[in-house]
Amino acid sequence: MNDKKTTLIEMDNGDEPMSNHSDNPYFAAILEKRLSRRQVLGGSLTAAVASVFGASGMGNLAEAARPGLLPPQVGKPPFALTPTLGFDAIPVTRSDTATLPRGYKAQALIPWGTPITGSRPEFDPVNGNTGEEQEQQVGSHHDGMHYFPIQDDPNGHGILCVNHEYVDQRVFHAAGPTFIDGQRPDDEVRKEIAGHGVSVVEIKKDAVTGEWGVVNESQYNRRITAGTPAEIRGPVRGSDLVKTIHSPDGTMARGTINNCAHGFTPWGTYLTCEENWAGYFVNRTELPREHSRYGVRTTNGRYSWETAQGGADEYIRFDASAKGLDATKDYRNEPNTQGWILEIDPFEPNSTPIKRTAMGRFAHEGAVFAPPQLGQPLTFYMGDDARNEYCYKFVTKARYSKNANGDMLDEGTLYAARFNDDGTGEWLALDINNPKFQAAAAAAGVEFADQADVLVNTRLAADVAGATKMDRPEWGAVHPQTREVYFSLTNNSTRTDESGNNPIDAANPRGPNPFGHIIRWRERGNRSWATKFEWDIFVLAGPESDSQVLPEQGGPALTQDNIFANMDGLWIDQFGTMWIQTDMSGSQQVSGPFGNNQMLAANPETGEIKRFLSGPWDQETTGVVSTPDGKTLFVNFQHPGDRSQPGVFTSNWPDSGAIFRHPGDAEVVPNPDGPRPRSATLVVTREDDGVVGL
């Protein structure tokens with residue numbers, strides 16, 4: 001998720017305006033009652049995990065692997081995953097490098113502009129590249145990612161799929177964006193569209209140096225951009241709501257936009273999640289609910305792509321104004337083709353990406369699945385990253401088998417979460433055939449024509465069902481053994497009660513919530529497809545004076561070893577370590593007590609948290625995954641130097657030469673006249689070749 005900026009220069013960051021005006025309860029009010037009662041979920045969340053579910057369902061993934069390839073996660077975990085955080089916490093840091101604990105080292109891999117396909121044009125650090133060249137290079141603003149190991153050397157050879165959330169025009173172009181008589185030059189628009197999307201890159205570790213690099217001439221290397229054709233599948237396929245002049249039958253879409261967090265599947269495909277896509281479009285005519293509830297703009301798109309000088313069809317599609325006699329004569333429905341989960345097969349480079357519409361349409365932050373079990377449905381958890389929006393899950397209709405494939409994602413039930421003040425919760429079906437949903441819609445005076453209408457208007461459906469407004473649900477993580485679900489709630493500047501007042505009191509001192517928290521829940525019976533759950537708070541983030549770990553159990557405040565704010569990325573690895581990544585605004589990094597954005601390691605059972613790394617200036621730490629043996633950790637640094645102006649840079653990472661440092665080493669200060677900053681993937685290893693973090 002791009003960070004939360006407040007200065008005038010940073011106002012157009014792509015975050016959606018608050019658009020939830022329903023009367024649904026705020027999580028703030030529920031949390032106030034919950035914490036004031038100091039109720040505990042009958043002991044630790046993990047204490048009651050039944051052994052029949054605790055470790056089953058993982059080993060069968062190998063049966064689903066394609067020949068010559070490994071499945072996208074390790075096999076059956078040990079009975080008890082009790083990680084030991086075997087490193088010294090690094091201090092709060094402000095250095096234009098990565099900062100790592102003693103005993104660790106790092107390299108920068110696939111920075112923006114790395115050539116990977118076609119004629120592989122080199123990155124031009126001074127003048128910038130053309131749009132055609134960018135289509136053959138790694139995109140900008142690395143975010144969620146996944147590593148798919150290859151069988152010949154799973155810990156040293158694989159495919160890395162990386163999201164590219166957006167572009168910073170002040171750094172992306174040599175002199176910033178250009179307007180000529182109110183229009184954008186075609187090639188600048190082409191380049192920006194190519195900077196978005198996903199990079200699929202085959203990578204390999206050198207047996208001598210231990211350094212990772214791109215496999216040139218790889219059959220797998222490809223770019224999926226904001227202009228790549230995609231197929232619409234699921235209940236929305238063929239709906240009148242997605243028909244356009246480009247696809248009059250409503251079966252095809254173009255591009256994937258604002259790809260933030262991600263997911264993957266047991267059958268070895270990548271799920272990229274379309275987040276703040278609405279602001280890329282403009283509709284100067286009357287806004288239908290499927291535009292207004294998501295924040296489609298009324299004056300111009302975020303980058304004004306619709307104004308491209310040549311008036312080419314691939315650019316004017318970002319103008320969603322009604323112009324023709326019906327939807328097949330214009331692009332009024334083009335925004336409705338965005339906001340989905342897009343499935344990409346990294347091992348089939350000629351395959352067409354597929355929009356899986358049964359999983360809902362909103363500002364998708366990610367899609368993480370619960371450990372699969374043979375003969376049971378698959379469950380995916382998702383967050384809607386906007387203020388006062390909801391947590392969701394999707395449960396497939398089909399049951400998982402060794403022959404499972406993406407067709408499982410086209411049928412199932414989408415749910416939104418209601419959190420009750422007694423520590424219980426309920427999943428509310430967003431299903432036009434569900435009697436409770438029908439009754440709720442009738443009571444609200446809202447009509448849906450069919451399930452496609454429900455899914456295109458997922459937010460409205462969740463309003464109607466009575467889901468709980470949350471403080472910006474970001475990434476989720478599911479424990480590989482206990483099945484506990486953790487979600488980052490990054491912050492909320494508009495938490496108010498029914499009277500418009502901030503609900504500040506001793507039990508709920510944050511209204512608004514500037515620092516965020518992590519919520520967790522356990523499904524009833526430990527069955528991921530259940531419709532009831534229990535929940536509590538794992539940590540209230542913030543400074544030492546305003547934070548607490550395991551608040552309902554009377555846990556401690558955070559210390560200088562682990563204070564953090566605005567958590568975003570979240571992942572629990574195969575050893576049970578939870579990795580927490582932060583996305584503070586530039587001003588908060590400069591003047592707050594937390595230093596640069598960082599990544600922390602946590603023990604989900606005990607609540608122990610340590611700061612593991614810190615990133616360069618102005619970046620967001622986001623996206624984390626490891627090789628199966630846990631000895632190589634991939635971490636993304638997005639938009640270093642995002643307070644830069646054209647030619648005046650507030651970061652020079654990674655091309656300054658100082659990739660990382662250790663505590664006690666001199667901090668690196670950026671040179672405004674130095675190299676252009678670039679998003680990149682940090683590859684972290686231990687000097688003794690051990691497991692990272694343990």
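These legends describe close-up views of a predicted model.

**View 1. Strand 8 beside strand 13.** Strand 8 covers residues 229-233, and strand 13 covers residues 354-356. The two run parallel and are joined by three bridges. Look for R233: opposite it, in strand 13, stands R356.

**View 2. A salt bridge between D665 and R102.** The model holds 35 salt bridges. In this one, the side chains meet at 3.4 Å, N to O. D665 sits in the loop between strand 32 (660-661) and strand 33 (680-686), and R102 in the loop between strand 1 (98-99) and strand 2 (104-109), so the pair ties together parts that are 563 residues apart in sequence. D665 is partly exposed, at 32% relative accessibility. R102 is exposed, at 53%.

**View 3. A buried salt bridge, R184 with E188.** The side chains meet at 2.9 Å, N to O. Both residues are buried.

**View 4. A salt bridge between two loops, R284 with D319.** Here the N to O distance is 3.5 Å. R284 lies in the loop between strand 11 (270-274) and helix 7 (289-292), while D319 lies in the loop between helix 8 (313-316) and strand 12 (341-344), so this pair links parts 35 residues apart in sequence. R284 is partly exposed, at 46% relative accessibility. D319 has a relative accessible area of 11%, so it counts as buried.

Key. Residues numbered from 1 in each chain as written. Predicted model: local features only at pLDDT ≥ 70, side-chain atom pairs only at ≥ 80, totals over all residues. Heavy atoms only, no water. Pairing = 2+ DSSP bridges. Helix = DSSP H or I, 4+ residues; strand = E, 2+ residues; numbered from the N terminus. Salt bridge = Lys/Arg side-chain N within 4 Å of Asp/Glu carboxyl O. Buried < 20%, exposed > 50% of the residue type's maximum accessible area, 1.4 Å probe, protein only.
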